[in-house]
Amino acid sequence: MPIIPFFQSGGIVAWPLLLFSLAAVTLIVERLFFWFRVTRRQRRVVRDVLKLYREKPDVAINYLQQNADLPIAKIFLEALELDNPNPEEFRLALESAAQAELPTLKRFNTVFDTIVGISPLLGLLGTILGLITAFSSLNIGDVGGTRTTGVTGGISEALVSTVMGLVVAIFTLFFSNIFRSFYQRQLALIQEYGGQLELLYRRQYEQRREVYAASR
């Protein structure tokens with residue numbers, strides 16, 4: 001069946017389902033671009049930063065500033081740009097910055113959940129409306145007559161709206177779960193990389209204290 005007649009046969013609920021599908025596709029493309037950028041560059045940036053920070057902390061900070069569009073770079077900068085914090089303050093800065101990045105990492109999750117939840121309900125509503133149309137047009141004594149078109153049209157509306165609602169929900173749910181897996185993985189990596197940076201900072205902090213104590 002051609003797309004336009006198929007869409008028209010879905011009835012009134014086809015329009016909000018079309019809007020939901022367009023919104024879902026737009027947001028999915030944005031999230032795919034975001035996660036592609038993060039996963040493609042993040043490991044290399046973190047590896048280079050940890051290596052630089054052991055010998056040249058200032059160079060590491062400049063390198064992070066050049067990659068400040070990455071969530072992990074923003075988190076590291078919040079802690080490293082503090083003015084000589086103690087290890088506890090450094091850890092708190094890392095944790096606070098990580099919490100501040102969470103909305104960016106799970107952006108649009110609520111919208112995806114809404115589309116997944118409402119689309120099947122709209123499909124069900126279209127099914128009910130289509131069946132109402134079919135039964136209201138049904139006349140046993142007029143089989144094969146002029147009112148048969150209304151019956152078949154109502155049944156078509158019921159089936160098409162159900163299919164559209166399920167397709168939109170399944171499509172959105174598939175990508176929503178993928179993005180959730182990326183989010184969970186990102187949280188684990190932030191904890192791992194943050195712990196490595198914190199250990200490096202603690203060592204350098206203790207070394208500075210020892211040098212200061214020896215110079216007195």
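In the predicted model, Lys51 counts as exposed, its relative accessibility being 60%, which is over the 50% cut-off. This residue is part of helix H2, which spans residues 14-55. On the surface, Lys51 belongs to a patch of positive charge that also includes Arg40, Arg44 and Arg47.

A total of 8 salt bridges is found in the structure. One of these joins Glu30 to Arg107, with a separation of 3.6 Å between the closest N and O atoms. Distant parts of the chain are linked by this pair, since Glu30 is located in helix H2 and Arg107 in the loop between helix H5 (87-105) and helix H6 (109-137), 77 residues apart. Both partners are partly exposed: Glu30 has a relative accessibility of 27%, and Arg107 has a relative accessible area of 41%. Glu30 and Arg107 also take part, together with Arg31, in a network of salt bridges.

A further salt bridge is formed by Asp69 and Arg41, whose closest N and O atoms lie 2.8 Å apart. Asp69 is situated in the loop between helix H3 (57-66) and helix H4 (71-80), while Arg41 is in helix H2, so parts separated by 28 residues in sequence are tied together. Asp69 is partly exposed at 33% relative accessibility, whereas Arg41, with a relative accessible area of 13%, is buried.

Within helix H5, Arg91 and Glu88 are 3 residues apart, about one turn of the helix. Their side chains meet in a salt bridge with an N to O distance of 2.2 Å. Arg91 is partly exposed, with a relative accessible area of 23%, and Glu88 is likewise partly exposed, at 38%.

Technical notes
Residues numbered from 1 in each chain as written. Predicted model: local features only at pLDDT ≥ 70, side-chain atom pairs only at ≥ 80, totals over all residues. Heavy atoms only, no water. Patch = residues over 30% accessible without salt bridge, like charges linked within 9 Å, V, L, I, M, F, W, Y side chains within 5 Å. Areas by Shrake-Rupley, 256 points an atom, 1.4 Å probe, with all protein chains shown as cover. Salt bridge = Lys/Arg side-chain N within 4 Å of Asp/Glu carboxyl O. Lys, Arg positive; Asp, Glu negative; His and termini not counted. Charge placed at Lys NZ, Arg CZ, Asp CG, Glu CD. Helix = DSSP H or I, 4+ residues; strand = E, 2+ residues; numbered from the N terminus. Buried < 20%, exposed > 50% of the residue type's maximum accessible area, 1.4 Å probe, protein only.
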